[in-house]
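Dear colleague,

Please find the structure below, handed over for your use. My notes on what was found in it follow directly after.

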Amino acid sequence: MITNPFLDPGQHHDLYGRAARLAHRTGALMRAKTSGRPVPEAIVRSLTDHRGEGATQLGLVVDIGCGRGTTSRALAEQLRPTRMVCIDLAPALLADARERAGMHRDVRTEFVQADFHHLPLADGSAESVVAAFCLYHSPQPERALAEIARVLAGDGLAVLVTKSLDSYREMDALVADAGLDPRAEQHESLYTAAHSGNLAELTDTSLEVITTEHEEHRFTFDGLDHAAEYLATNPKYHLPPGLYGNPSALAEALHEALPEQPITTSSVITYVVARHRGGRP
């Protein structure tokens, strides 16, 4: 049985041992994007809208699974909390985040390597908690959500973000049609643990869901070379030797099997905003 790489601790280093791999894949995806709000901006808007007018300056904001710090930077720049804690399990990503998001001298920012099932924070200490595109890395996301509930202040807000199960399915078809992974369309979704269809229900085990918003994001890769930049480090596929991590070799293999073509695909991004049940305990 094929293991979902997002749920396999043994693959964590291969996935996130070097920040450049994630940067190349997400960079290729963002260059292809044709519709959908920037996710960091949508997260900030969710927090500001639900805090209401006249809210005082935020204290501690926590960015769980901060990755390369894209959302952390937006939170610091636009919310200007007194303190931020950026948490990730991958040292390489934390180092990248420190360079990209640690430049705001008026926001005391800490970068902490930690497991989101065991957050190194005091009970009720965080006024806002963000967990974007990370809960599907947990085989038991309810445990991570319980930790978020534990550290969230009684009147605090959590913003949780994930993707739909069928995200980028056209890329699966491309890989299968090229014969590079004939079973690409049958592989389990990378997002099966926490996806658009179950995130609100999972959250409800620990927190009160205030809103759930689904937004379709669309992408058009301008050709096979562009698609190869995204596919070369996508852990979903079982590529022939020499192609994984090698965009130029993968592009050559795609050109040998398929005509040049743009590839359009999509993903539903889901935002859940939650709080303690009944507000302040």
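A residue is called buried when its relative accessible area is under 20%, exposed when it is over 50%, and partly exposed in between (1.4 Å probe, protein chains only). Helices (H or I, at least four residues) and strands (E, at least two) are DSSP runs, numbered from the N terminus. This is a predicted model, in which local features need pLDDT of at least 70 and side-chain atom pairs count only at pLDDT 80 or more, while totals for chains, interfaces and linings use all residues. Residues are numbered from 1 along each chain as its sequence is written, and side-chain values use heavy atoms, with hydrogens and water left out.

In helix 10 (residues 247-257), the buried residues are Ala249, Leu250, Ala251, Ala253 and Leu254. These buried residues pack against helix 9 (224-231), where contact means heavy atoms within 4.5 Å.

I turn next to the aromatic rings. Rings of Phe, Tyr and Trp (its six-membered ring) pair if their centres lie within 6.5 Å; planes under 30 degrees apart count as stacked, over 60 as edge-to-face and the rest as tilted. Six aromatic pairs are found in a search of the whole structure. One of them is the stacked pair of Phe6 and Tyr136, with 5.5 Å from centre to centre and 15 degrees between the planes. This pair links distant parts of the chain, 130 residues apart: Phe6 is in the segment before helix 1 (12-16), and Tyr136 is in the loop between strand 5 (126-132) and helix 6 (141-151). Phe6 counts as buried because its relative accessibility is 8%, and Tyr136 counts as buried at 4%. Phe6 also pairs with Tyr191: the ring centres are 6.1 Å apart and the planes are at 65 degrees, so this pair is edge-to-face. Because Tyr191 lies in the loop between helix 7 (169-177) and helix 8 (199-203), and Phe6 in the segment before helix 1, the pair ties together parts that are 185 residues apart in sequence. Tyr191, at 7% relative accessibility, is buried. Elsewhere, ring pairs link Tyr168, Phe219, Phe221 and Tyr230 into a cluster.

A charge sits over a ring if NZ of Lys or CZ of Arg is within 6 Å of the ring centre and within 35 degrees of the ring normal. The charged end of Arg37 is placed over the ring of Tyr271, 5.4 Å from its centre, and Lys163 lies over the face of Phe133, at 5.2 Å from the ring centre.

Grid points are joined across faces, edges and corners, and a volume is the space filled by probe spheres set on the points. The whole structure holds one cavity of 30 Å³ or more. The largest cavity has about 70 Å³ of space, and its lining includes Tyr168, Tyr191 and Tyr230.

Finally, Ser266 is located in strand 8 (residues 263-275) and is buried, at 7% relative accessibility. Among the residues that Ser266 touches, not counting those up to four places away in sequence, are Ser167, Tyr168 and Phe219.

With kind regards

Notes:
On a 1 Å grid over the protein atoms alone, a cavity is a set of points where a 1.4 Å probe fits but cannot get out, and a pocket is an open set with protein on both sides within 12 Å along at least five of seven lines; lining residues have an atom within 4 Å of a point.
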